[in-house]
Structure formats: C-alpha cells, structure tokens
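Dear colleague,

I am passing on the structure we spoke about, and below it you will find my notes on what turned up when I went through it. Please read them with the structure open beside you.

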Amino acid sequence: MAVMQLNGGVLATGLTSTGSGGGVIKKITGSSVVVQPSGEHNAFALIKSKGLRYEDVTRCHHQSLDLLRPFSPLVTCRRKHVFPVFNNHLGSDCGVDSSEVEENIVVEKGNDIGKSSEVRELKGITATLSRSLGVKRELIMLSLPAMAGQALDPLAQLMETAYIGRLGPVELASAGVSISIFNIISKLFNIPLLSISTSFVAEDISKNAINNSASEEFYQEESTNGTPFVGVTERMQLSSVSTALLLAVGIGIFEAFALYFGSGWFLNLMGIPSASSMHAPARRFLSLRALGAPAVVVSLALQGILRGFKDTKTPVLCLGVGNFAAVFLFPILMYYFQLGVTGAAISTVVSQYIVTFLMIWHLNKRAVLLPPKMGTLQFGDYIKSGGFLLGRTLAVLATMTLATSVAARQGPIAMAGHQICLQVWLAVSLLTDALAASAQAMIASSLSKGDYKAVKEITYFVLKTGLFTGIFLAVALSAFYGSLATIFTKDIEVLGIVRTGVLFVCASQPINSLAFIFDGLHFGASDFPYAARSMMVIGAICSAFLLYVPSLLGLQGVWLGLTLFMGLRMVAGVIRLASKTGPWWFLHEDFQMAEVMNFGSKTA
C-alpha cells in the first residue's frame with residue numbers, strides 16, 4: 001500500500017512492499033528520501049529539498065508508476081486515492097496534469113479487475129468440466145461390474161437347463177415349470193426390496209456423511225493440525241441396512257413356507273395336475289428350491305445395500321464364486337451320485353447360500369448388521385415404498401404373463417418361437433438395466449446432499465448412454481439374429497416364427513433401454529408413487545390391447561402389445577422429467593452460471 005506526499009521541497013513515502021526485482025524504500029525522515037536499491041530498479045536517488053527541479057519530480061513520478069505496476073490489485077486499487085494528492089501539490093509548480101495520471105490508473109485498475117474476473121471464471125469452468133468427467137467416470141466404473149453381475153445368474157441357469165435337458169424331456173419340463181413358479185414368487189417381493197434398499201442406503205450414507213463431516217474436520221484441525229488423520233475405520237451404523245436385512249429374512253422365510261407347503265397348489269394352478277407325469281418331479285424340485293428362498297431374498301437385499309455403498313464389484317465376485325460352485329456341483333450330484341433333478345436343485349440351493357454368506361461377510365466389514373435399538377429401524381418407510389413397488393411389480397408380471405398366455409393359445413410352434421424371441425429380448429436389455437441400477441445409486445446419493453448439478457449431469461449422461469446402447473444392440477442383433485436363433489432350436493418351423501420377430505426384438509431395443517433407464521431414475525429420486533401408478537395404468541392399457549389385438553393379428557399382435565408396453569413406460573418417464581413441478585424440477589434450472597459465480601466468489 002502506498003501513501004505519497006510532496007510538500008514544498010520534501011518528498012516522503014511510506015511504501016514498504018517489495019516487488020519482483022524492485023527496490024525496498026525505507027521510511028523517510030528529515031528533508032531527504034533514502035532509497036535502498038534491490039535489483040535493477042533504483043527508482044529514486046537522494047534528493048535535496050533545495051535542489052528539487054521539475055525534471056526530477058517528473059522523472060520520479062513516472063518511475064514510481066513503473067515500480068508499482070507489478071504489485072497486487074490491492075496496491076493498484078489504492079492508487080486512485082493516492083496520486084491526486086501528489087499531483088495536486090505539484091500541479092501549479094511542476095505543470096503535471098492530474099487527469100492524465102487518473103486516467104492511466106483507472107485503466108490499469110479496470111484491466112486488473114477484468115483479468116482477475118476472467119481467471120476466476122476460467123477456474124470455475126475448469127472445475128465444472130473436471131467434476132463432470134468424474135461423474136461420468138464413476139457411472140461407467142459402477143456399470144461395468146453390474147453388467148457382469150447381471151449376466152452371471154442367467155448363465156448359471158442356462159448351464160442348469162443344459163444338464164437337466166440331458167436327463168429327458170419330462171425332467172426338463174417339470175424343472176422348467178418349477179423354476180417359473182419360483183421366479184414369479186421371488187420377483188414379486190424381491191425386486192421391490194432390491195430397489196428400495198439401493199436408494200435408502202445411498203441416502204442414509206450421504207446424510208450420515210453430512211452430519212459427521214463438521215465434527216471430523218474440527219477433530220482433524222485440533223488433533224493433527226489439518227493433516228489427514230490415519231486411524232482405524234469404524235463400521236457405519238445405518239438403520240437402512242439393518243431394516244433391509246431383517247425384512248429380507250422375514251420375506252425369505254415366508255416365501256420358503258409358501259413354496260414348500262403350497263407347491264402342489266401352485267403346480268395345479270400352472271396346469272400340472274397330480275395325475276401328470278411331471279407333477280411328482282416338479283413338486284420335489286420346487287420343494288427343494290424353496291429351501292433356498294431365504295438365501296435368494298437376503299442376497300438380493302445385500303446387492304441393493306452394496307449398490308447403495310456404490311460397490312458393484314463385491315456382488316460380482318460373490319456371485320461368481322457361488323455360480324462356479326453350482327456349475328461344479330451339477331454333474332457331480334446329478335450324474336455321479338445319480339440324484340437327477342434333485343441333485344440340480346441341491347446344487348443351486350448350496351450356491352445361493354454361498355453367495356449370501358460371502359456378501360454378509362463383506363458387508364460386516366463396513367456396517368453394523370443389527371441395530372442397537374429396534375426403534376431406529378425404518379420399517380414404515382420400507383413398507384410404504386415397498387407397497388407402491390409391489391403394485392408396480394404385479395402390473396409388470398400380469399402383463400408379461402398375459403402375453404405368454406395369449407402366445408400359448410397360438411399353438412406349440414408359435415409358443416416356442418415366442419419364448420425364444422422373448423428370452424433374447426429380455427436378456428440383451430439387462431445391459432441397460434445394470435446402467436440404470438448404477439445411476440439409481442448415484443442419484444440417490446447426490447440428491448441427499450442437495451447436489452442437483454451432479455444429478456442433472458448423471459441424468460442426461462445416462463439417458464444418452466442408454467439411447468446409444470439401445471441403438472448399438474438393435475444394429476448388432478439385426479446382423480446376428482439369424483445365426484443366434486439356431487443356438488436355441490434347429491426346428492425349421494420354429495425358426496420361421498423366430499425370424500418374423502426380428503423387427504420386434506431388434507427395433508424395440510432403443511425403447512427398452514430408455515424404459516429401463518427411466519425406471520432407475522424414478523427409483524433414484526425415490527419417486528416410487530409415480531413409478532407404481534404409471535405402471536398400473538400402462539399395464540391396464542396393454543392388457544386390454546393383448547386381450548383384443550392378437551385375436552386379429554396373431555403372434556404379431558402379442559409382440560406389438562409388448563412393444564407398446566415398453567413404449568408407454570418410456571413416455572411416462574419423459575413426461576415425469578419434463579414436469580417443472582415434480583421431483584425433477586431442477587432439470588429446468590441453469591446451474592452452470594450459478595456454479596461459476598459461486599466458485600469465483602470463493603476464490604476472490
């Protein structure tokens with residue numbers, strides 16, 4: 001900071017700062033100025049008050065401007081208040097025009113402020129771009145293991161089907177019916193628990209981090225002087241984790257009792273009476289598979305919890321070990337010990353418990369599994385949201401089951417072709433379903449922190465990625481669909497039916513991808529009521545379509561009904577995100593300028 005005066009023949013300065021390569025000017029006493037040179041700038045010489053001349057003062061004035069120019073904006077800002085005093089005293093005696101100096105200083109001040117503003121804006125944009133890339137990278141790193149995990153169970157089921165198929169058609173048919181019953185009951189309860197666990201755990205972790213961040217920062221400042229504190233990581237106490245596990249155990253036990261004691265009733269409901277040759281092996285197979293129901297429910301809840309922790313690698317490793325154990329046990333129990341279909345069921349149940357115990361072991365390192373108090377559990381929130389998703393799952397299962405039933409009425413050849421098309425249609429959609437699950441965890445975490453900018457970036461990125469993935473799958477399937485169909489059957493008539501469904505399977509992939517992505521977005525925002533109500537309306541519309549149109553168009557009508565089902569799900573998602581009054585209101589706000597200005601104010 002500079003304060004300069006010239007009274008008569010005395011030049012005094014209080015400048016004590018040092019510029020780069022400048023001189024250090026010491027405080028002046030008496031009638032002279034003492035300057036200590038430092039570097040190449042020697043702005044002042046020893047001046048006698050009696051020998052002061054016009055040329056000396058002018059030279060000192062210009063050299064002082066050169067000396068002050070490298071200093072900080074704070075020094076520049078003070079010039080406006082300093083030099084008028086200097087020039088007013090010299091104006092009459094030396095003829096120096098104060099307006100010229102004023103203009104020069106104001107221009108310099110404006111340039112400095114403009115440059116600093118541009119620097120702050122550039123830093124803000126750079127930080128935004130870096131953060132955006134980080135969000136995209138995290139989403140991709142979460143999605144890749146999730147995709148692998150989605151593929152493990154279907155591959156194990158294919159291996160099980162292949163081994164059972166060698167036993168004979170009766171065994172294959174009986175096991176197929178039992179697996180269908182088990183999957184329907186499991187999906188009805190397990191999918192809601194999986195989706196809710198992911199969102200609730202992610203929200204709980206974010207809230208816990210926000211509550212503890214202030215105390216942790218204070219502790220670091222007091223104990224380590226701001227340096228990172230290295231210590232033992234404590235397990236997190238999250239009520240959402242304990243609630244999900246207890247609910248999973250309860251639901252699993254309920255499913256086990258229902259499937260074990262109601263196996264005969266379920267088989268009769270599926271059209272397999274007690275007089276059928278398939279009834280006895282199917283009932284035995286379903287009763288054994290019922291013993292694994294608790295493990296299946298708990299493992300799915302654990303997958304949802306680990307997704308809430310943004311961990312998709314651990315489920316893949318556990319599923320890999322469990323499915324490998326099943327594939328290893330299939331031939332041993334089925335052929336070596338000659339247990340047949342019973343050996344297949346035992347192998348599957350053992351693998352399911354292996355997966356569950358491995359996941360529990362990993363989760364126990366991170367979180368306390370059982371709550372210290374029952375009052376901290378979130379049963380009310382889980383049951384409320386689970387009720388909505390239960391209705392949604394019923395609508396999905398009812399529509400898909402109706403489509404299969406209508407296709408079966410077209411005859412065995414048409415039903416076989418429809419089943420192949422349906423399995424391929426659903427299997428390739430698992431890729432975008434894994435992407436949607438990863439986006440759900442990230443959105444739930446960011447929303448709990450109030451980070452709407454991150455949610456906006458995740459939403460747009462995952463929608464673009466889902467659309468691109470759907471288009472890629474459509475092109476790839478259309479190129480290899482003919483050869484892919486021959487893997488499932490060699491029957492010429494069935495292959496003819498399958499080839500007529502190429503448009504349904506391939507062209508609908510972009511629609512399917514976006515529909516699954518929107519499901520993940522709804523769940524991430526805990527928008528369960530809208531997801532349930534919209535699905536019930538869509539299911540009712542498509543069910544009416546499936547009851548009427550296939551009677552006119554045959555199997556093509558069934559495929560049109562399923563395409564309509566996925567298309568309306570996509571439209572419902574677009575409508576929700578386009579609404580400015582729903583939970584996605586922030587998508588219509590511009591956070592870019594606000595973030596840059598906020599960053600600039602922090603760095604000013």
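In which hand of crossing, left-handed or right-handed, does helix 16 pass helix 19? Before the answer, please bear in mind that this is a predicted model. The crossing of helix 16 past helix 19 is left-handed. On the side of helix 16 the contact includes Ile511, Leu514, Phe518 and Leu521, while helix 19 contributes residues including Met566, Met570, Val574 and Leu577. By class, the residues of this contact divide into 10 nonpolar, 4 polar and 3 charged.

A second pair is formed by helix 7 (residues 279–290) and helix 10 (residues 341–364), whose axes come within 9 Å and cross at roughly 15 degrees. These two helices are therefore roughly parallel to each other, and helix 7 passes helix 10 in a right-handed crossing. Arg284, Phe285, Leu288 and Arg289 of helix 7 make the contact with residues of helix 10, among them Val341, Ala345, Ile346 and Val349; the residues of this contact comprise 7 nonpolar, 3 polar and 2 charged.

As for the whole protein, its secondary structure comes to 20 helices and 4 strands, and 48% of its 604 residues count as buried. Of the contacts between residues at least 6 apart in sequence, 77% join residues at least 24 apart.

Conventions: Residues are numbered from 1 along each chain as its sequence is written. This is a predicted model: local features need pLDDT of at least 70, side-chain atom pairs count only at pLDDT 80 or more; totals for chains, interfaces and linings use all residues. Side-chain values use heavy atoms; hydrogens and water are left out. Buried means under 20% relative accessible area, exposed over 50%, partly exposed in between (1.4 Å probe, protein chains only). Contact means heavy atoms within 4.5 Å. A crossing is left-handed if the near helix is turned anticlockwise from the far one by less than a right angle, and right-handed if clockwise. Ala, Val, Leu, Ile, Met, Phe, Trp, Tyr, Cys and Pro count as nonpolar, Asp, Glu, Lys and Arg as charged, and the others, Gly among them, as polar. Axes are lines fitted to C-alpha atoms, for helices over the stretch in contact, and angles run from 0 to 180 degrees between N-to-C directions. Angles under 35 degrees count as roughly parallel, over 145 as roughly antiparallel, 65 to 115 as roughly perpendicular and the rest as oblique.
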